[in-house]
Amino acid sequence: MTTQQAKPALQTGQMSAVAIADNFSDLHPPFSTLQAMAESNRCLYCYDAPCVTACPTSIDIPSFIRKISTGNPDGAAKTILSANIMGGTCARACPTEVLCEQACVRNVAEDEAVEIGSLQRYAVDHLMARNLSHPFKRAEATGKKIAVIGAGPAGLSCAHRAAMLGHDVTVFEAKPKPGGLNEYGLAAYKMTNDFAQREVEFLLGIGGITIEYGKALGRDISLADVKASFDAVFVGVGLGATNNLGLAGEAASGVDDAIDFIENLRQASDKSTMPVGNAVVVIGGGNTAIDAAVQAKRLGADEVTLVYRRGPENMSATEFEQELAKINGVIVRYWAKPVEIKANGRLMGMVFEKTALDASGKLVGTGETFEVKTDQVLKAIGQKIKTDDLAGMEISGGKIVVDENYQTTAAGIFAGGDCIKSGEDLTVQSVEDGKCAAIAIDAFLKNA
């Protein structure tokens, strides 16, 4: 058994507030007007553009880029927001490198795609900074009331589109702030300057939307009561529970869920007071694992090791995110799974077993183990739906079952976002789900 040595002790203030501020500044600094104009002129404005097909919300990308190039960024923003009301967040956090930018024809001609995400951010930020009246108007009031459960990307997108269609919307949110993943689950360097809250404030400018906080499904409100009080219900609860390692000692101090670590960091008013280990181990292969590992390193951890049970090509984290981890000094170890937590009053280490694929392609342990000394373990091995008060709705494969109109097996109840299986668990997909569900709810109410 091989051993990596590390000094123990969970500490705060490992870096100065100035250094922390620099480490958590904007990952992708915004374009200047000059940069935006130059980049927009690289677009070929393709007919039947593949970038539009690659975007889950089908933003008319050539059209908005053309508007930027002609000096009309506010018009560009309206084109974006008409398809994706949370285009500001998606411009910052969307994996454009595997969506619109991957599909860009410039990849073939020049080996470098148009920076669609940065152009999208430029346009939306330009509009929001001007504090103009909301760019969309509500239709004539229908007198119908819609309940939305969850103020995450899917719920807020549904609420906005439903309000546009003339319905009155009440959103029930368990946490004290709206935004869901955008507020609590994305790395701080992706969502600087309180953008998630500024975007929600902008979205609510449509009118007709009320948010009630501290209202968790199954704890404070029941689906039956909500359904009885509203004409239709949209469920956008996301994936609120986390998977466990299933190992003894998992409750030991220092063993935490990565999503809780990220949330605590996002909500910390002074990030230099955020406790972090000297030797941090992150378990997982998705973007959450990368976000946790990079942020632990940027908080001042001496050593951060990310361990994944398969190879890099199997990670759900994009190549960009994987490279970001390495650039930030994260040690990445592939083909290993956790088998033991070592703790004696405090966390001491993790034992991993090396893995491989057998002849049938099944992942198996090799019997060879190694130990990593650690004083903080962050688990990022997936999330699952909390089934609290979802009675009456069919659940399959850990997701709420919906039809092509986003309606669940419970009449009058619709769902979208990460809690259903509609595509990748991405903010942009959740926004599309919410928008389409609102249109389906509108048709349902008209036919009721």
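Student: Are Phe-352 and Phe-370 buried or exposed?
Tutor: In this predicted model, buried denotes a relative accessible area under 20%. By that criterion, both Phe-352 and Phe-370 are buried.

Student: Which kind of aromatic pair do Phe-352 and Phe-370 form?
Tutor: Their ring centres lie 5.6 Å apart, with 20° between the planes. Planes under 30 degrees apart count as stacked. The pair of Phe-352 and Phe-370 is therefore classed as stacked.

Student: How many residues apart in sequence are the parts that this pair ties together?
Tutor: Phe-352 belongs to strand β12 (residues 347-357), and Phe-370 to strand β13 (residues 363-373). The pair therefore ties together parts whose separation in sequence is 18 residues.

Student: Which residue has its charged end over the ring of Phe-370?
Tutor: The ring of Phe-370 also takes part in the stacked pair with Phe-352. At 3.9 Å from the centre of the Phe-370 ring sits the charged end of Arg-333.

Student: Over the face of which residue does Arg-92 lie?
Tutor: The distance from Arg-92 to the ring centre is 3.6 Å. The ring in question is that of Phe-195.

Student: What is the relative accessible area of Thr-89?
Tutor: Thr-89 is found in helix α6 (residues 87-93). Its contacts beyond four places in sequence include Phe-195, Glu-199 and Thr-427. Thr-89 is buried, and its relative accessible area is 0%.

Student: How many of the 21 residues of α17 are buried?
Tutor: Helix α17 covers residues 427-447 and reaches 30 Å from its first C-alpha to its last. This helix is largely enclosed by the rest of the structure, because the number of its 21 residues that are buried is 15.

Conventions: Residues are numbered from 1 along each chain as its sequence is written. This is a predicted model: local features need pLDDT of at least 70, side-chain atom pairs count only at pLDDT 80 or more; totals for chains, interfaces and linings use all residues. Side-chain values use heavy atoms; hydrogens and water are left out. Helices (H or I, at least four residues) and strands (E, at least two) are DSSP runs, numbered from the N terminus. Buried means under 20% relative accessible area, exposed over 50%, partly exposed in between (1.4 Å probe, protein chains only). Contact means heavy atoms within 4.5 Å. The expected span of a helix is 1.5 Å times one less than its number of residues. Rings of Phe, Tyr and Trp (its six-membered ring) pair if their centres lie within 6.5 Å; planes under 30 degrees apart count as stacked, over 60 as edge-to-face and the rest as tilted. A charge sits over a ring if NZ of Lys or CZ of Arg is within 6 Å of the ring centre and within 35 degrees of the ring normal.
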